[in-house]
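Dear colleague,

Please find the structure below, with its sequence. A short account of the findings follows it.

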Amino acid sequence: MTDGVGIVERKVRELRLPEGGYRLESGGLLKKIEVAYEECGAPMRDDNVIYICHALTGDAHVAGIRPGETKPSGWWEGMIGPGRAIDTNRWHIICANVLGGCSGTTGPMSINPDTGRPYGSSFPQYTFSDAVDVFRMLLKELGVKKLAALIGGSYGGMQVMDWVTRCPDEMEKACLIATSASLNTQALAFDVVGRASITEDPEWHGGDYYGIGDGLGPKHGLASARQLAHITYLSRELLEEKFHRELQKNFVEAPVEDRAKREKAFKTYFQIESYLDYQALKFLRRFDANSYLHITRSMDLFDAGARYGSLDAACARVKAKCLVVSYQNDILFSEWQSKDITAALLRNGKDVSYCHLEAGTGHDSFLTDISDLAGVISGFLGDRRSKVMHWQERLYRNIVSMVPEKAHVIDIGCGDGSLLNVLREDKSTKGDGVEIDIDKYKETVADGHMAYWEDADEGLDIIPDGHYDIAVCSDTLQEVKNPRGLLREALRIADEAIVTFPNFSSYRIRLFLGLRGRLPVSRALPFQWYDTPNIHCVTLKDFRALCEKDGIEIREIKAEARHLFGRIFLALGLKNLGAERIIARIGRKKGADAK
């Protein structure tokens with residue numbers, strides 16, 4: 001990894017608007033729109049432009065060093081640069097400040113051409129779509145015909161959601177990170193209280209506070225709004241870990257007068273209070289209260305499905321290959337909201353990967369804890385096609401023989417995607433994977449497959465019934481807590497399933513137990529009993545009995561044995577005794593309940 005993209009200068013462009021100005025969806029009119037934006041990375045080509053939508057109070061400075069600075073200050077610095085997840089040796093990056101903002105793009109602080117004074121209260125209401133259309137106008141004027149990728153987190157991810165559903169032909173790929181199709185009620189409540197803190201501050205003056213006093217307007221209200229919002233960006237666990245109930249270090253040395261003054265104002269000396277005060281002060285130096293009001297209101301009113309009648313109808317319009325990412329302990333954009341988007345895309349037959357990252361630090365993890373996110377995005381943006389090794393083809397040959405040409409396949413417990421690679425190479429399949437190990441998940445996505453970070457034991461609810469031709473459970477059955485549930489889910493989401501498992505009744509295991517009195521460790525079962533992933537010991541007879549009980553038809557059985565005696569037993573028809581590994585193709589019996 002290098003030192004980053006270097007110096008990046010902010011540019012401001014006045015857009016070419018229709019005669020009379022730009023008409024907003026609410027009916028308001030803007031006669032002049034300036035957009036502040038930054039670019040970095042490889043020279044622009046038709047196929048290498050990535051647009052990044054910033055978060056709620058972000059700006060265009062996504063990466064690099066501002067002129068006059070001595071070190072990088074971009075808000076996604078660790079993600080963007082030479083050799084990084086969004087590799088600037090390959091991609092040309094554009095990021096612009098949003099309409100209504102206060103970092104160079106036209107907003108309430110801007111001069112109203114009709115009055116020669118700041119807009120203030122006269123700045124018109126605008127929607128998410130208005131803001132996205134300003135970005136689209138900018139890109140058109142810069143000569144961008146189609147985006148290689150569109151990426152956004154949080155508020156920016158909601159803009160991505162608007163863009164991919166409303167203008168589906170304008171990007172190849174889209175990343176929606178820690179976001180949703182609309183705010184949940186709790187998130188709405190936080191915004192309602194935050195805006196009230198501003199508008200009830202007597203220094204707000206109805207939005208026309210520019211030029212009055214210090215010109216900063218409702219400082220106390222904006223500070224409170226920021227403090228409230230900042231609490232929601234961090235998980236309860238992180239706040240507890242960082243601050244607990246610790247007091248500030250200078251509490252003991254504080255003068256009596258200072259302590260009395262703080263007590264009268266109902267202030268405390270808890271570290272968390274000092275931290276929130278610091279965050280508020282830092283925010284006041286860079287953000288405008290009116291912009292905060294407009295931006296949060298536009299976010300609250302956004303609902304991706306409302307324009308088309310439902311989220312499913314909106315997602316039916318999507319053409320981009322999508323990556324949806326959620327974070328553990330995110331109280332603003334919950335896991336279920338990301339899953340709702342993923343499920344709606346799947347129901348409409350769209351290409352989508354879903355990943356849930358367990359950083360545990362809350363909503364801001366996509367900005368502060370990006371190691372795993374970087375790996376996922378890097379793989380998703382890439383076009384790696386892994387070479388299939390001969391040993392992989394040999395390992396999976398019996399599974400491959402059961403899969404039809406060009407089948408739509410899902411591998412439940414796909415590992416690093418090697419089986420999906422073999423199936424794509426040998427049978428021209430379209431393959432997706434389910435995997436809970438994040439490092440293996442990243443490998444699967446990097447190989448060009450769609451993947452879902454899911455615990456098979458908890459079900460695969462985001463996947464609709466009958467979505468696949470074949471579900472593969474390769475050496476997964478014995479590792480899950482609920483193998484019976486796994487078989488039911490496999491035959492719910494696919495017409496047929498291919499199940500493989502080590503056969504615990506093979507003669508070698510029986511001999512080892514009988515003669516040595518210990519569980520075997522072998523090539524087929526390479527783990528000691530105390531660290532094995534195999535939590536169930538299944539035999540061919542057990543498997544047959546379960547299938548019969550649950551109305552599952554065994555349509556084909558293949559038994560594998562590496563050793564001579566095992567092969568002899570198989571030749572004699574003694575599969576339960578000779579087989580080290582079983583490969584079974586199964587389906588639901590006619591009339592059997594798929595549930």
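In this predicted model, the largest nonpolar core has 108 residues, and Tyr51, Trp163, Ile412 and Phe543 touch the most other members. Such a core is a set of buried Ala, Val, Leu, Ile, Met, Phe, Trp, Tyr and Cys residues joined through side-chain atoms within 4.5 Å; buried means under 20% relative accessible area, exposed over 50%, and partly exposed in between (1.4 Å probe, protein chains only). With eight residues, helix H1 (residues 128-141) gives the most to this core. Helices (H or I, at least four residues) and strands (E, at least two) are DSSP runs, numbered from the N terminus. A second, separate core of 39 residues includes Phe380 and Tyr441.

Those two residues also lie in a helix pair: Phe380 is among the residues of H12 that meet H16, where Tyr441 is one of the partners (contact means heavy atoms within 4.5 Å).

Ser154 has a positive phi, near 60 degrees, and is not a glycine. Ser154 is in the loop between strand S9 (147-153) and helix H2 (155-166), and is buried at a relative accessible area of 8%. His205 likewise has a positive phi, about 55 degrees, but is partly exposed at 39%. Most residues other than glycine have a negative phi.

Residues are numbered from 1 along each chain as its sequence is written. Local features need pLDDT of at least 70, side-chain atom pairs count only at pLDDT 80 or more, totals for chains, interfaces and linings use all residues, and side-chain values use heavy atoms, leaving out hydrogens and water.

Yours sincerely
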